[in-house]
Amino acid sequence: MDSSRITLRQYRSTDADDVLSWASDDRITRSTHFSTLTSKEDALNFIDKSSIPWRRSICIDDRSIGMVVARPGSGDDRCRAEIGYVLGVEYWGQGITPEAVKMAIPLILEEFPEIVRLQALSNAEHKASHRVLEKAGFIKDGMLRKYLYFKGEIKDVVLYSFLSTDPIPS
């Protein structure tokens, strides 16, 4: 994939059909904190009613194919944010997600200058997600056993981090 075609931008209501095309796929939502979307109305609500402080649509040629999110901490945790991402199945394996995450890092750090650590919790079994983070310059900090209750199961997760002083890979 030519990385010049990849952009990050705010969602627009006109993205509803594109969002529905990837967010209605159970293969996507089984790894996300949102439920599978089933209608255009669901997609519009997803676009308009998010409580996530930083969220950008991953676009190819200005069409939404996924998203990158960041949830900054508050109070004593304001020095870090958790990052996450999702991408439509038809775009998996093309190097898009690592590029999108690399694009998001400076944007997040600029918008939230108190953040010195971005971190990601990745399901221990989700090796493709580990590769995304490693390609984007994140360092594996370790395994957190039985750490996260997710969709009815307690999961092991791998903790990755990126510090504001770390170089973003080219």
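**Entry: an aromatic cluster.** I began with the aromatic side chains of this predicted model. Tyr11, Trp22, Phe34 and Phe46 belong to one aromatic cluster. I then searched the whole structure for aromatic pairs and found five. I looked at Trp22 and Phe46, whose ring centres are 6.2 Å apart. Their planes stand at 85°, which is over the 60 degrees needed, so I noted this pair as edge-to-face. Trp22 sits in helix H1 and Phe46 in helix H3, so this pair links distant parts of the chain, 24 residues apart.

**Entry: another pair.** I turned next to Phe138 and Phe162, with ring centres 5.6 Å apart. Their planes make an angle of 45°, so I wrote this pair down as tilted. Where do these two residues lie? Phe138 is in the loop between helix H5 (127-135) and strand S6 (139-150), while Phe162 is in strand S7 (residues 153-163). The pair therefore ties together parts that are 24 residues apart in sequence. I checked burial here as well: Phe138 is buried, and Phe162 is too.

**Entry: Phe34.** Phe34 lies in the loop between helix H2 (26-29) and H3. Its relative accessible area is 14%, under the 20% cut-off, so I count Phe34 as buried. Which residues does Phe34 contact, leaving aside neighbours within four places in sequence? I found Trp22, Ala23, Thr29, Phe46, Met67 and Lys151. From C-alpha to C-alpha, Phe34 and Phe46 are 9.0 Å apart in space, and they are 12 residues apart in sequence.

**Entry: two helices.** I wanted to see how H1 (residues 16-23) and H3 (residues 40-48) are placed. Their axes come within 8 Å and cross at roughly 105°. That angle falls in the range of 65 to 115 degrees, so H1 is roughly perpendicular to H3. Which residues meet here? From H1 I listed Ala16, Asp17, Val19, Leu20 and Trp22, and from H3 I listed Lys40, Ala43, Leu44, Phe46 and Ile47. Sorted by class, this contact has eight nonpolar residues, two charged ones and no polar ones.

**Entry: Asp18.** I stayed in helix H1, where Asp18 is found. Asp18 has a relative accessible area of 13%, so it counts as buried. What does its side chain make a polar contact with? The partner is the side chain of Arg63, at 2.8 Å. Not counting residues up to four places away in sequence, Asp18 touches Arg63 and Ser64.

Entry: Last, I looked at backbone angles. Asp61 has a phi near 50°, a positive value in a residue other than glycine. I placed Asp61 in the loop between strand S2 (54-60) and strand S3 (63-72). Lys146 is not a glycine either, yet its phi is positive, at about 45°. This residue, Lys146, is found in strand S6. Is Lys146 buried or exposed? Its relative accessibility is 60%, so Lys146 counts as exposed.

Conventions:
Residues numbered from 1 in each chain as written. Predicted model: local features only at pLDDT ≥ 70, side-chain atom pairs only at ≥ 80, totals over all residues. Heavy atoms only, no water. Axes fitted to C-alpha atoms, helices over the stretch in contact; angles between N-to-C directions. Helix = DSSP H or I, 4+ residues; strand = E, 2+ residues; numbered from the N terminus. Parallel < 35°, antiparallel > 145°, perpendicular 65-115°, else oblique. Contact = heavy atoms within 4.5 Å. Nonpolar A, V, L, I, M, F, W, Y, C, P; charged D, E, K, R; others polar. Buried < 20%, exposed > 50% of the residue type's maximum accessible area, 1.4 Å probe, protein only. Polar contact = N/O pair within 3.5 Å; in protein donor to acceptor, adjacent residues only side chain to side chain. Phe/Tyr/Trp six-rings, centres within 6.5 Å; stacked < 30°, edge-to-face > 60°.
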